Amino acid sequence: MRIDIVSIFPEIFEPVLGGSMLGIARDKGAVEFAVHDLRDWTDDKHRTTDDYPFGGGPGMVMKPEPIYRAVRELASRDPRRPFVVLTCPQGRRLDQRLVEELAAKERLLIVCGRYEGVDDRVRDIVDLEVSIGDYVLTGGELPAMVIVDAVTRLQPGVLASPASAEEESFSWGLLEYPQYTRPASFEGRDVPPILLSGDHKRIAQWRRLEAIRRTALRRPDLLASADLTDEERAFAERIIEERSDQAKGPCSD
Ligand code: J9T
């Protein structure tokens with residue numbers, strides 16, 4: 001997959017794209033990154049990318065022309081048509097399902113918005129607006145990095161074991177089960193003995209139930225779309241009931 005990013009702060013991407021897992025993925029050829037300076041598509045001496053809003057009001061608005069030129073030129077540089085993403089707080093909220101959709105594209109072109117906003121005509125050349133959550137940031141650069149990280153780790157050959165992508169939390173629609181490593185006993189806290197038993201079948205069952213327990217307690221909203229057996233669903237409901245019973249406190253009569 002190829003990912004192009006257009007930003008007015010291209011230099012902040014280098015350490016992220018070159019470091020750790022993303023750098024390894026790039027070196028392996030699993031993904032190709034290119035970061036571009038939006039100012040390269042301006043045509044004035046000051047390389048202006050924003051301007052005052054028509055109608056007045058605070059802040060500045062990103063001008064449409066540099067973004068249109070950047071998207072058109074970058075699209076034409078490669079025969080694969082890019083899927084164009086604009087990072088902005090009004091976009092579709094990023095979740096693992098959207099990450100999987102984006103990871104399946106041959107080519108992504110991410111345009112980083114600024115918090116004041118972009119000229120609305122930019123939306124005509126964007127395939128999808130993406131938000132990473134309900135909060136405002138100063139710019140779309142961190143969201144772009146989040147998207148790149150989440151999408152890159154799903155590219156074939158990037159994860160050490162392909163099973164880890166499958167197995168983990170949101171792929172099941174559940175949060176992750178509790179994990180432990182050595183020492184088996186630490187400051188009086190012991191690892192659940194089942195994990196030391198070597199009985200892989202029972203360990204898998206325990207993990208599944210603990211994942212359900214954790215999801216029921218922390219993110220019960222996820223249970224509605226999780227793939228659970230009737231028995232597992234009953235277990236989740238019992239966990240939720242027990243918790244609300246506890247919250248009611250001791251019986252007063
Ligand atoms: C300027 O961009 C943002 O503030 C932004 C972009 C994407 N997701 C967000 N939650 C915020």
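A polar contact is a pair of N or O atoms within 3.5 Å; within protein, one must be able to donate a hydrogen and the other to accept it, and residues adjacent in sequence count only if both atoms are side-chain atoms. The model is predicted: local features need pLDDT of at least 70, side-chain atom pairs count only at pLDDT 80 or more, and totals for chains, interfaces and linings use all residues. Residues are numbered from 1 along each chain as its sequence is written, and side-chain values use heavy atoms, with hydrogens and water left out.

| Residue | Protein atom | Ligand atom | Distance |
|---|---|---|---|
| Ser131 | polar side-chain atom | nitrogen | 3.5 Å |
| Tyr135 | backbone N or O atom | nitrogen | 3.0 Å |
| Leu137 | polar backbone atom | oxygen | 2.9 Å |

Taken alone, the ligand exposes 300 Å², and the protein buries 100% of that (accessible areas come from the Shrake-Rupley method with a 1.4 Å probe; for residues, only the protein chains shown count as cover).

Around the ligand stand 16 residues, with Ser131, Ile132, Gly133, Tyr135 and Leu137 the closest (a residue is near a molecule if one of its heavy atoms lies within 4 Å of it). Strand 5 gives the most to this shell, with 3 residues.

The protein has 9 helices and 9 strands (DSSP runs, H or I of at least four residues for helices and E of at least two for strands, numbered from the N terminus). Its C-alpha atoms fill a box of roughly 75 × 50 × 40 Å, taken along the principal axes.
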